[in-house]
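Let's take a walk through this structure together.

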Amino acid sequence: MNTFDVAVIGWGKGGKTIAGTLARAGKRVAIIEQSAEMYGGACINVACIPTKALIHSAQSRPEKDYDPEYFARAVDSRNKLTGKMRDVNYAMLADLGNVVVIDGVARFTGPKTLVVEAGEDSLELSAETILINTGSVPVIPDIEGAEFGGRIHTSITLQQAPLPEHLVIVGGGYIGIEFASMFSQFGSQVTVIDKNPRPLHREDHDVSQVVSGLLDGVRFITDATVIRISQTQDCAAIQYVWNEQEQTVRGDAVLIALGRRPATDSLDLATAGIKTTKNGAVEVNEYLESSVPGVYALGDVNGGPQFTYISLDDSRIVTDRILGDGLRSRNDRQAIPSTIFTTPPFAKVGLTEAEAEKAGYSIKVASKNVADIKAMPKPKIVGDPRGMIKVIVDADSDLILGAALIHIDAQEVINLVALAMRHKITASELRDTIYIHPSSTEALNEVLGTI
Ligand SMILES: Cc1cc2nc3c(=O)[nH]c(=O)nc-3n(C[C@H](O)[C@H](O)[C@H](O)COP(=O)(O)OP(=O)(O)OC[C@H]3O[C@@H](n4cnc5c(N)ncnc54)[C@H](O)[C@@H]3O)c2cc1C
Ligand SMILES: NC(=O)c1ccc[n+]([C@@H]2O[C@H](COP(=O)([O-])OP(=O)(O)OC[C@H]3O[C@@H](n4cnc5c(N)ncnc54)[C@H](O)[C@@H]3O)[C@@H](O)[C@H]2O)c1
């Protein structure tokens, strides 16, 4: 039996960060990854970075026509970028004297013991501290014919397939909207089907409407129940019920984007006595420790918000637990921003207007379309004055409760608003702050001046 101080299962953002930190602090660390194509985790290989590289290529293309060769070149240059990042990520751990990289699929054989299997080979190991960082996998819906393969894609396989002429996306959430925006800019015809009355149904009506409006030419079918997906050599057919009538839409590729669930199937958690929640996440306390002391779960696998920066923050909590004073916890988290990388991007933080009202706040809403904001020249300079800025303010305390920003640079400006929320900087203070000109942030002077 090989013995380590720490075993990390999965090379995700949180796991790789903490593996390096603990190794540098003198711990003997094993990092176990099931695929050599995934050294560095989902973010750099198949998720955040490659999709944003493709989005950048799509945005850089002024034409709107269907151009599969341009797409193939964009995929090729994206693959070169991710290949380089994978090599750098591998070396960051493999070059550390205290780290052993183990290739294979890990599963528990006891609370502190694992077996790693790779083909015919297997390796047993034990560690006092085990960090589960296995990420998430796409949800497969209970819809007839909804099996990945052929013309039916996950967000990962679609990125490597030929450019579809007509892409049908089932699910109008983060992935659905980002991919609809990107593929329509690559020249594909795109249809999005969602079961809810509108895409991004958790957002305020006006916000969801402005985001949908950015997606030029994309057809949205909402309030629809998909009942069957089938494929032939020529096309895929998606049958759905809308307004009590059965309808069919055909495309040459289908993307199923109905959420992602924690990747725990391969781990045999029950053998170790590690409890899971009803959606299969590792059940953890606020310090991310599972029901077995010394076994922690970081990133998507613990059922928290599915973002790379949350996995990174999970690593701060667990590092503090192992090397620090152990006080940091996920209860400290406030105002977590997120961005959907449409063109221009949609960034949000905190409560929507509807959520704030439901929570009983007395609110003021500062809202303006970007085109009407006089003191916001940046979008006009770059030629894209679409979008809106909406900020929800607590009328009693003047604190910001939430914001939705849809404009050039929104993914940057949202970090400022989130910081203001965390540090209780009031809306009036944000309104009266000096900002760079010309920038997108300076819009806050004017928009917050409306309330
Ligand atoms: C298309 C797409 C775009 C996204 N874009 C963004 C974005 O722009 N910004 C953002 O913040 N988030 C984005 N996300 C979400 C983000 O990718 C995830 O939240 C993040 O990567 C989760 O990281 P993690 O640390 O949980 O683990 P992951 O990075 O998922 O790593 C888990 C690793 O564990 C390995 N593994 C699994 N089981 C085993 C096992 N039994 N044994 C050994 N190895 C195993 C896997 O191969 C994988 O490498 C996106 C997601 C998708 C799908
Ligand atoms: N830019 C980013 O940060 C980024 C980008 C992509 C993904 N992600 C992460 O990945 C996660 C997963 O994204 P996702 O888009 O798969 O999930 P999601 O939860 O964001 O969206 C799922 C969508 O599917 C719809 N839906 C559910 N069941 C349906 C059905 N049977 N028929 C039709 N529609 C149905 C929902 O109404 C919702 O709009 C996100 O929650 C996010 O955390 C982040």
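**Around the ligand**

Several elements each supply at least two residues of the shell around ligand 1: α1 (13-24), β2 (29-33), α2 (41-45), α3 (48-59), β4 (105-110), α6 (174-185) and α9 (308-323). Helices (H or I, at least four residues) and strands (E, at least two) are DSSP runs, numbered from the N terminus. Keep in mind that this is a predicted model, where local features need pLDDT of at least 70 and side-chain atom pairs pLDDT 80 or more, while totals for chains, interfaces and linings use all residues. Residues are numbered from 1 along each chain, chains are lettered from A and ligands numbered from 1 as written, and side-chain values use heavy atoms, without hydrogens or water.

So who's in that shell? Altogether 36 residues surround ligand 1 (a heavy atom within 4 Å), and Glu33, Ala42, Lys52, Asp300 and Ser311 are the closest.

Now zoom in on some polar contacts (pairs of N or O atoms within 3.5 Å). A polar side-chain atom of glutamine 34 sits 3.1 Å from an oxygen atom of ligand 1, and a polar backbone atom of alanine 106 is 3.0 Å from one of the ligand 1 nitrogen atoms. Taken alone, ligand 1 exposes 1,000 Å², and the protein buries 91% of that (Shrake-Rupley method, 1.4 Å probe).

**Over to a sheet**

Next, find the open sheet of five strands, in the order β18-β19-β22-β21-β20, with antiparallel pairing (at least two DSSP bridges between two strands). β18 (338-340) and β20 (363-369) stand at the edges with a single partner strand each, so one side of each has no neighbour in the sheet.

Methods: A polar contact is a pair of N or O atoms within 3.5 Å; within protein, one must be able to donate a hydrogen and the other to accept it, and residues adjacent in sequence count only if both atoms are side-chain atoms.
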